[in-house]
Amino acid sequence: MEHQDLSNHSLAGLSLHTGTHIDAPLHFCPGGATVADLLGPATSYSPAYCWDIPRGADQCITGDDLQSAGPAAFRDAEAILIRTGFCHIRASSPQDYARQNPVIDPGMAGLLRSACPSLRLIGIDAISVANYLHKEEGRSCHREFLCRNPPILILEDADLADDRL
């Protein structure tokens, strides 16, 4: 206000990984579609399933977990949300949450495409399907989901704590 403005203002810079978000193909695929290209106001994913696959810091979700879930029961899935439980450390240990989260093995994309041919979205209650400890595997995971046809969007940093899911 000292410069004759009507009010004082502050600016804040945030990472795209500050909250729940969707990764679209353009994130990792040259010429890929954007979120706006793929989602509209009436977009929905049904049926959607939430899988409980408990994981701690830097643990991987693999094809063995898919087999344990009984993929035939989810064959019609358009969306699968993976609840690792890692979201519970978000507030108490933000550095660990941001850097040592559970990851999804890149091979899961192909397995899920075969097991769930209608799958259009995969979600996780961690900051990303990748982490800083395994950057190249994380890039590969993103490309496997996003750069194939049709793309499977990635929902990251989802709050899946509600037991009703």
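Visitor: Trp51 and Phe74: buried or exposed?
Guide: Both are buried (under 20% relative accessible area with a 1.4 Å probe, protein chains only; exposed is over 50%, partly exposed in between).

Visitor: What kind of model is this?
Guide: A predicted one: local features need pLDDT of at least 70, side-chain atom pairs count only at pLDDT 80 or more, and totals for chains, interfaces and linings use all residues. Residues are numbered from 1 along each chain as its sequence is written, and side-chain values use heavy atoms, without hydrogens or water.

Visitor: How many aromatic pairs?
Guide: Rings of Phe, Tyr and Trp (its six-membered ring) pair if their centres lie within 6.5 Å; planes under 30 degrees apart are stacked, over 60 edge-to-face, the rest tilted. By this rule there are three aromatic pairs. One is Tyr49 with Phe74: the centres are 4.9 Å apart and the planes at 80°, so the pair is edge-to-face.

Visitor: Where do Tyr49 and Phe74 sit in the chain?
Guide: Tyr49 is in strand 2, and Phe74 is in the loop between helix 2 and strand 4 (79-83), 25 residues apart. Helices (H or I, at least four residues) and strands (E, at least two) are DSSP runs, numbered from the N terminus.

Visitor: Why is Tyr49 called partly exposed?
Guide: Because its relative accessibility is 22%. Phe74 has 14%, so Phe74 counts as buried.

Visitor: And what about Trp51 with Phe74?
Guide: Edge-to-face, because the planes are at 65°, with centres 5.0 Å apart. Trp51 is in strand 2, 23 residues from Phe74. Ring pairs link Tyr49, Trp51 and Phe74 into a cluster.

Visitor: On to the sheet. What is the strand order?
Guide: It is an open sheet of five strands, ordered 1-7-6-4-2, with mixed pairing. Two strands pair if DSSP finds at least two bridges between them. Strand 1 (21-23) and strand 2 (48-52) are at the edges, each with a single partner strand, so one side of each has no neighbour in the sheet.

Visitor: Strands 6 and 7: parallel or antiparallel?
Guide: Parallel, with three bridges joining strand 6 (residues 121-124) to strand 7 (residues 153-156). Gly123 has Leu155 of strand 7 as its bridge partner.

Visitor: Helix 4 next. Which of its residues are buried?
Guide: Met108, Ala109, Leu112 and Ala115, in a helix covering residues 108-115. Down the axis of helix 4 they fall within an arc of 135°, so they line one face. The arc is that of the directions from the helix axis to the C-beta atoms.

Visitor: Last one: Gln67, buried or exposed?
Guide: Exposed, because its relative accessibility is 53%. Gln67 is in helix 2 (residues 63-69). Its C-alpha atom is 9.7 Å from that of Leu111, 44 residues apart along the chain.
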